[in-house]
Amino acid sequence: MSVLIRELKGRLRELEERHRSVPLAVVETELERRPVYLSISGEGFQDLPRLFRGAYLRAYVVEDDFVISGLPRIRFDSSTFSKIEEVAYTLFGVDGIRDTPRIPHYKPDSPSSYGLELLKDGRVIATLLDSKFYIYRGYERAEDLADALVQRVYRVEEKPSLIAILLSRLIKLLRRARKQG
(Lines give C-alpha, C1' and ligand atoms only; values in the text may rest on other atoms or scores of the structure.)
Protein backbone atom coordinates (compact mmCIF):
# COMPACT_ATOMS: atom_id res chain seq x y z
CA MET A 1 0.00 0.00 0.00
CA SER A 2 2.83 2.37 0.71
CA VAL A 3 3.81 2.02 -2.96
CA LEU A 4 0.41 3.39 -4.00
CA ILE A 5 0.61 6.37 -1.66
CA ARG A 6 4.23 7.11 -2.65
CA GLU A 7 3.17 7.11 -6.30
CA LEU A 8 0.27 9.48 -5.53
CA LYS A 9 2.62 11.80 -3.62
CA GLY A 10 4.99 11.73 -6.59
CA ARG A 11 2.20 12.68 -8.98
CA LEU A 12 1.12 15.49 -6.67
CA ARG A 13 4.71 16.80 -6.59
CA GLU A 14 4.81 16.70 -10.43
CA LEU A 15 1.62 18.75 -10.61
CA GLU A 16 2.95 21.27 -8.08
CA GLU A 17 6.23 21.63 -10.01
CA ARG A 18 4.35 22.18 -13.28
CA HIS A 19 2.06 24.92 -11.92
CA ARG A 20 2.40 27.81 -9.48
CA SER A 21 -0.56 26.64 -7.41
CA VAL A 22 -2.77 23.63 -7.98
CA PRO A 23 -6.50 23.91 -7.18
CA LEU A 24 -8.16 20.88 -5.64
CA ALA A 25 -10.39 20.46 -8.72
CA VAL A 26 -7.28 19.97 -10.88
CA VAL A 27 -5.71 17.49 -8.44
CA GLU A 28 -8.87 15.37 -8.25
CA THR A 29 -9.42 15.45 -12.02
CA GLU A 30 -5.83 14.52 -12.86
CA LEU A 31 -5.63 11.67 -10.37
CA GLU A 32 -9.14 10.40 -11.18
CA ARG A 33 -8.26 10.31 -14.87
CA ARG A 34 -4.93 8.57 -14.21
CA PRO A 35 -5.31 6.63 -10.93
CA VAL A 36 -2.61 4.34 -9.56
CA TYR A 37 -3.30 0.62 -9.78
CA LEU A 38 -1.72 -2.36 -8.03
CA SER A 39 -2.39 -5.97 -8.99
CA ILE A 40 -3.57 -8.16 -6.11
CA SER A 41 -3.55 -11.49 -7.92
CA GLY A 42 -1.62 -14.13 -6.03
CA GLU A 43 0.47 -16.99 -7.29
CA GLY A 44 -1.47 -20.26 -7.30
CA PHE A 45 -4.82 -18.56 -6.68
CA GLN A 46 -4.80 -16.12 -9.59
CA ASP A 47 -8.58 -16.27 -10.06
CA LEU A 48 -9.49 -15.63 -6.40
CA PRO A 49 -9.23 -11.84 -6.46
CA ARG A 50 -12.15 -11.86 -8.91
CA LEU A 51 -14.33 -12.80 -5.95
CA PHE A 52 -13.66 -9.28 -4.73
CA ARG A 53 -14.23 -5.96 -6.50
CA GLY A 54 -11.58 -6.51 -9.16
CA ALA A 55 -8.09 -7.71 -9.82
CA TYR A 56 -6.56 -4.35 -8.94
CA LEU A 57 -6.44 -1.99 -6.03
CA ARG A 58 -7.07 1.59 -7.12
CA ALA A 59 -5.56 4.70 -5.52
CA TYR A 60 -6.60 8.30 -6.15
CA VAL A 61 -7.23 11.57 -4.33
CA VAL A 62 -10.57 12.98 -3.13
CA GLU A 63 -10.52 16.33 -1.35
CA ASP A 64 -7.68 16.15 1.23
CA ASP A 65 -7.52 12.36 1.31
CA PHE A 66 -5.71 9.52 -0.40
CA VAL A 67 -8.25 6.83 -1.32
CA ILE A 68 -7.50 3.11 -1.68
CA SER A 69 -10.42 1.19 -3.19
CA GLY A 70 -11.09 -2.26 -4.63
CA LEU A 71 -10.32 -3.90 -1.30
CA PRO A 72 -12.07 -7.02 0.00
CA ARG A 73 -15.39 -6.07 1.61
CA ILE A 74 -15.29 -6.10 5.42
CA ARG A 75 -18.09 -6.13 7.96
CA PHE A 76 -17.90 -3.86 10.95
CA ASP A 77 -18.43 -6.63 13.48
CA SER A 78 -16.71 -7.22 16.81
CA SER A 79 -13.75 -9.21 15.44
CA THR A 80 -13.05 -6.63 12.71
CA PHE A 81 -13.35 -3.82 15.26
CA SER A 82 -10.77 -5.59 17.45
CA LYS A 83 -8.34 -5.58 14.50
CA ILE A 84 -9.04 -1.91 13.85
CA GLU A 85 -8.47 -1.09 17.54
CA GLU A 86 -5.16 -2.96 17.49
CA VAL A 87 -3.94 -1.01 14.47
CA ALA A 88 -5.28 2.33 15.68
CA TYR A 89 -4.37 2.32 19.36
CA THR A 90 -1.35 0.02 19.50
CA LEU A 91 0.50 0.90 16.29
CA PHE A 92 -0.52 4.49 15.64
CA GLY A 93 -1.56 5.90 19.01
CA VAL A 94 -4.82 7.42 17.80
CA ASP A 95 -6.95 9.35 20.26
CA GLY A 96 -10.26 7.74 19.36
CA ILE A 97 -12.43 5.84 16.93
CA ARG A 98 -15.92 7.08 16.06
CA ASP A 99 -18.73 6.46 13.61
CA THR A 100 -18.75 8.42 10.39
CA PRO A 101 -21.57 10.93 10.21
CA ARG A 102 -24.84 9.23 9.17
CA ILE A 103 -25.51 11.05 5.93
CA PRO A 104 -26.19 9.27 2.64
CA HIS A 105 -23.05 10.40 0.79
CA TYR A 106 -20.31 10.94 3.36
CA LYS A 107 -17.60 11.24 0.72
CA PRO A 108 -18.34 12.49 -2.80
CA ASP A 109 -17.78 9.13 -4.53
CA SER A 110 -19.19 6.84 -1.84
CA PRO A 111 -22.80 5.70 -1.48
CA SER A 112 -22.01 3.97 1.82
CA SER A 113 -23.76 5.44 4.83
CA TYR A 114 -21.60 3.97 7.60
CA GLY A 115 -17.97 3.53 8.51
CA LEU A 116 -15.41 4.48 11.13
CA GLU A 117 -13.11 7.45 11.57
CA LEU A 118 -9.71 7.35 13.29
CA LEU A 119 -8.92 10.56 15.20
CA LYS A 120 -5.53 11.89 16.21
CA ASP A 121 -4.84 15.33 17.67
CA GLY A 122 -8.42 16.41 16.97
CA ARG A 123 -8.20 15.56 13.24
CA VAL A 124 -9.63 12.67 11.25
CA ILE A 125 -6.59 10.84 9.88
CA ALA A 126 -8.48 7.93 8.28
CA THR A 127 -12.01 6.97 7.32
CA LEU A 128 -12.69 3.25 6.95
CA LEU A 129 -15.59 2.07 4.79
CA ASP A 130 -16.59 -1.47 3.84
CA SER A 131 -14.32 -1.86 0.77
CA LYS A 132 -12.12 1.23 0.77
CA PHE A 133 -10.44 3.69 3.06
CA TYR A 134 -9.42 7.34 3.04
CA ILE A 135 -6.22 8.62 4.66
CA TYR A 136 -5.59 12.31 5.26
CA ARG A 137 -2.89 13.56 2.87
CA GLY A 138 -1.20 15.61 5.58
CA TYR A 139 -0.77 12.66 7.95
CA GLU A 140 2.97 11.96 8.19
CA ARG A 141 2.55 8.21 8.63
CA ALA A 142 -0.03 7.75 5.84
CA GLU A 143 2.01 5.05 4.08
CA ASP A 144 2.50 3.02 7.26
CA LEU A 145 -1.19 3.30 8.16
CA ALA A 146 -2.25 2.14 4.68
CA ASP A 147 0.06 -0.88 4.93
CA ALA A 148 -1.19 -1.79 8.40
CA LEU A 149 -4.86 -1.49 7.40
CA VAL A 150 -4.43 -3.77 4.41
CA GLN A 151 -2.28 -6.32 6.22
CA ARG A 152 -4.42 -6.55 9.36
CA VAL A 153 -7.95 -5.39 8.52
CA TYR A 154 -8.70 -5.47 4.76
CA ARG A 155 -6.83 -8.63 4.09
CA VAL A 156 -7.39 -11.44 1.65
CA GLU A 157 -6.88 -14.84 3.25
CA GLU A 158 -3.47 -16.23 2.35
CA LYS A 159 -4.88 -19.73 2.30
CA PRO A 160 -8.42 -19.45 0.95
CA SER A 161 -11.18 -21.48 2.51
CA LEU A 162 -12.75 -24.41 0.67
CA ILE A 163 -15.87 -22.35 -0.02
CA ALA A 164 -13.77 -19.55 -1.56
CA ILE A 165 -11.99 -22.03 -3.82
CA LEU A 166 -15.29 -23.65 -4.87
CA LEU A 167 -16.90 -20.27 -5.55
CA SER A 168 -13.89 -19.21 -7.55
CA ARG A 169 -14.02 -22.34 -9.68
CA LEU A 170 -17.77 -21.98 -10.16
CA ILE A 171 -17.36 -18.40 -11.34
CA LYS A 172 -14.61 -19.51 -13.71
CA LEU A 173 -16.85 -22.26 -15.16
CA LEU A 174 -19.77 -19.86 -15.58
CA ARG A 175 -17.56 -17.41 -17.44
CA ARG A 176 -16.31 -20.14 -19.76
CA ALA A 177 -19.85 -21.36 -20.40
CA ARG A 178 -21.00 -17.81 -21.15
CA LYS A 179 -18.15 -17.31 -23.64
CA GLN A 180 -18.87 -20.64 -25.40
CA GLY A 181 -22.65 -20.19 -25.44
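**Exercise 1.** Determine in which sense β6 and β7 pair, and over how many bridges.

*Solution.* Strands are DSSP runs of E with at least two residues, numbered from the N terminus, and two strands pair if DSSP finds at least two bridges between them. Strand β6 spans residues 123-128 and pairs with β7 in the antiparallel sense, over three bridges. Within this pairing, Ala-126 has Ile-135 of β7 as its bridge partner. Three residues lie between β6 and β7, and the two strands form a hairpin. The model is a predicted one, in which local features need pLDDT of at least 70, side-chain atom pairs count only at pLDDT 80 or more, and totals for chains, interfaces and linings use all residues. Residues are numbered from 1 along each chain as its sequence is written, and side-chain values use heavy atoms, with hydrogens and water left out.

**Exercise 2.** Identify the pairing between β7 and β3.

*Solution.* Strand β3 (residues 65-69) pairs with β7 over five bridges, in the antiparallel sense. Opposite Tyr-136 of β7 stands Asp-65.

**Exercise 3.** Are the residues of β7 buried or exposed?

*Solution.* Buried means under 20% relative accessible area, exposed over 50%, and partly exposed in between (1.4 Å probe, protein chains only). In β7 (residues 132-136), five of five residues are buried. Lys-132, Tyr-134 and Tyr-136 point one way, Phe-133 and Ile-135 the other way.

**Exercise 4.** State where confidence in the chain is lowest and where it is highest.

*Solution.* pLDDT is the predictor's confidence in each residue, from 0 to 100. Its mean is lowest in strand β1 (residues 36-39), at 71, and highest in β6, at 96.

Technical notes:
Helices (H or I, at least four residues) and strands (E, at least two) are DSSP runs, numbered from the N terminus.
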